[in-house]
Amino acid sequence: MIALTLIGKPDCHLCEVASDVVDAVVADLPDALAEDMEITELSILDDAALYEKYWEKIPVLLIDGELHGHWRISPDRLREALAEKAGTSGAGRAAGAAEGEER
């Protein structure tokens, strides 16, 4: 299972765009891979720790708990990261997680 966690807040335009990007990328994945995704959306307004850590970076996308990106989520970069995650976990190789790109 690959966990995607999108952290944002209500009425945040970039958060809505990021959610749409995640949904579109997952919808375009092969069914077997898409079914192996768990997508969770969290609001910084519901969690003081998330607010403290990410308030100036939202939206933030984590893949399996590791920072993938923030502010603007690139569909191509997300596709590559998910393909790499699926390839490394599916082939049983050591997890060589893609490094998160911060802007």
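Visitor: Is Asp-64 buried, partly exposed or exposed?

Guide: Keep in mind that this model is predicted. Buried means under 20% relative accessible area, and exposed means over 50%. Asp-64 has 33%. That value falls in between, so Asp-64 is partly exposed.

Visitor: Where in the chain does Asp-64 lie?

Guide: Asp-64 has a positive phi of about 50°, although it is not a glycine. As for its place, Asp-64 lies in the loop between β3 and β4.

Visitor: Which residue forms a salt bridge with Asp-64?

Guide: The structure holds 2 salt bridges. In one of them, the closest N and O atoms are 3.3 Å apart. The cut-off is 4 Å, so this pair counts. The partner of Asp-64 is Lys-85.

Visitor: How many residues apart are Asp-64 and Lys-85?

Guide: The salt bridge of Asp-64 and Lys-85 has its closest N and O atoms 3.3 Å apart. The pair links distant parts of the chain. Asp-64 sits in the loop between β3 (60-63) and β4 (66-70), while Lys-85 belongs to helix α4 (residues 75-90).

Visitor: Is Lys-85 buried or exposed?

Guide: Lys-85 has 16% relative accessibility. The limit for buried is under 20%. Lys-85 therefore counts as buried.

Visitor: Which residue forms a salt bridge with Asp-76?

Guide: Here the closest N and O atoms are 2.8 Å apart. Asp-76 counts as exposed, at 51% relative accessibility.

Visitor: What separation do Asp-76 and Arg-79 have along helix α4?

Guide: Both residues belong to helix α4. They are 3 residues apart. In this helix, that means a separation of about one helical turn.

Visitor: Which cysteine is joined to Cys-12 by a disulfide?

Guide: A disulfide is a covalent bond between the sulfur atoms of two cysteines. The structure holds 1 disulfide. Its S to S distance is 2.4 Å. The cut-off is 2.5 Å, so the pair counts, and the partner of Cys-12 is Cys-15.

Visitor: Is the link of Cys-12 and Cys-15 right-handed or left-handed?

Guide: Both Cys-12 and Cys-15 are buried. Look at the angle about the S-S bond, which is 70°. The link is right-handed.

Visitor: Which helix gives the largest share of the negative patch?

Guide: Five acidic residues can be named here: Asp-11, Glu-16, Asp-20, Asp-23 and Glu-41 gather in a patch of negative charge on the surface. Glu-41 is found in strand β2 (residues 37-43). The largest share is 3 residues, and it comes from helix α1 (residues 13-28).

Visitor: What distance separates the C-alpha atoms of Ala-18 and Leu-6?

Guide: Ala-18 is found in helix α1. Ala-18 is buried, with a relative accessible area of 2%. Ala-18 and Leu-6 are 12 residues apart along the chain. Their C-alpha atoms are separated by 8.0 Å.

Visitor: How much accessible area do Leu-45, Tyr-51 and Trp-55 have together?

Guide: These residues form a nonpolar patch on the surface. Among them, Trp-55 lies in the loop between α3 (48-54) and β3. Trp-55 is partly exposed, with a relative accessible area of 47%. Together the patch has about 350 Å².

Visitor: Is the peptide bond of Ile-58 and Pro-59 cis or trans?

Guide: Pro-59 has its place in the loop between α3 and β3. Omega for the bond that joins Ile-58 and Pro-59 is about -5°. The bond is cis.

Visitor: What is the phi of Trp-71?

Guide: Trp-71 is in the loop between β4 and α4. Trp-71 is partly exposed, with a relative accessible area of 33%. Its phi is positive, in a residue other than glycine. The value is near 70°.

Visitor: In what order do the elements of the protein chain run?

Guide: The chain has 103 residues, and 35% of them count as buried. Its secondary structure comes to 4 helices and 4 strands. From the N terminus on, the order is β-α-α-β-α-β-β-α.

Terms used:
Residues numbered from 1 in each chain as written. Predicted model: local features only at pLDDT ≥ 70, side-chain atom pairs only at ≥ 80, totals over all residues. Heavy atoms only, no water. Buried < 20%, exposed > 50% of the residue type's maximum accessible area, 1.4 Å probe, protein only. Patch = residues over 30% accessible without salt bridge, like charges linked within 9 Å, V, L, I, M, F, W, Y side chains within 5 Å. Areas by Shrake-Rupley, 256 points an atom, 1.4 Å probe, with all protein chains shown as cover. Salt bridge = Lys/Arg side-chain N within 4 Å of Asp/Glu carboxyl O. Lys, Arg positive; Asp, Glu negative; His and termini not counted. Charge placed at Lys NZ, Arg CZ, Asp CG, Glu CD. Helix = DSSP H or I, 4+ residues; strand = E, 2+ residues; numbered from the N terminus.
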